[in-house]
Amino acid sequence: MISLREFLPEDASALVELLNNHNVTRYLSSRMPTPYSEDDANWWISTGSKVGIVRAITLNDELIGCVGAEPGLFEGCRSAEIGYWLGEPFWGAGYASQATNALTDMIFSTTDIVRIYGTVFDPNKASMHVLEKCGFQREGIFHNACYKNGEFYDKHVFAKVQL
């Protein structure tokens, strides 16, 4: 069973190890530095992870990934965009779904956010499956909406709305 917690200084080396894997970062935002350095990890722990609602995903107290949601602004202030990643050794065990469900439940029960949405690059079928498994519904596909590493990708948008 996974746990969610704040990032800690001792997570730096695991962040560097896990995020220097192309398979992990391939469909993440270009905001993620590549290569990922110790300085990047320290900035993330002290500053970056404090923006929005961000949690480290741990298994037996070991950092295995991250899940977070960034609330919108102005008229989008009751929505939040969710994102997550797991280290490759931890794929396929349901941890991303557990973390996504836990963060979604926490947000709906402790904030005034009523809509959580996630965007997924077209080839990332595993991430689409995570959102669908967690009760998110596909709202649309934005064709050629993402450009990363010289390639265009369709962006799939999934959302879960608290009624």
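Q: Let's start with Ser46. Is it buried, partly exposed or exposed?
A: Ser46 is partly exposed, because its relative accessible area is 47%, which falls between the 20% and 50% cut-offs. Bear in mind that this is a predicted model.

Q: Where does Ser46 sit in the secondary structure?
A: In helix 3, which covers residues 38–46.

Q: And how far is Ser46 from Gln137?
A: The C-alpha atoms of Ser46 and Gln137 lie 34 Å apart in space, with 91 residues separating them in sequence.

Q: OK, what about the other serine, Ser79: buried or exposed?
A: Buried. Ser79 has a relative accessible area of 17%, and the cut-off is under 20%.

Q: Which element holds Ser79, and what does Ser79 contact?
A: Ser79 belongs to strand 4, residues 79–86. Beyond its neighbours within four places in sequence, Ser79 makes contact with Glu70, Pro71, Gly72, Ile113, Arg115 and Tyr117.

Q: Switching to the core. How many residues are in the largest nonpolar one?
A: There are 43 residues in it, and Phe7, Leu15, Ile64 and Trp85 have the most contacts inside. Elements giving two or more residues to this core include helix 1 (12–19), strand 3 (62–71) and strand 4.

Q: Which element gives the largest share?
A: Helix 4, with six residues.

Q: You mentioned Ile64. What does Ile64 touch?
A: Not counting residues up to four places away in sequence, the list for Ile64 includes Ile2, Leu18, Ile57, Trp85, Phe90 and Tyr95.

Q: Zooming out, what's the pattern of helices and strands?
A: The protein chain has five helices and seven strands, and along the sequence they run β-α-α-α-β-β-β-α-β-α-β-β.

Q: How does the radius of gyration look against a compact globule?
A: It agrees: a compact globule of 163 residues would come out near 15 Å, and the protein chain has 15 Å. The C-alpha trace spans about 40 × 40 × 35 Å along its principal axes.

Conventions: Residues numbered from 1 in each chain as written. Predicted model: local features only at pLDDT ≥ 70, side-chain atom pairs only at ≥ 80, totals over all residues. Heavy atoms only, no water. Helix = DSSP H or I, 4+ residues; strand = E, 2+ residues; numbered from the N terminus. Rg over C-alpha atoms; globule rule 2.2 N^0.38 Å. Buried < 20%, exposed > 50% of the residue type's maximum accessible area, 1.4 Å probe, protein only. Contact = heavy atoms within 4.5 Å. Core = buried A, V, L, I, M, F, W, Y, C linked by side-chain atoms within 4.5 Å.
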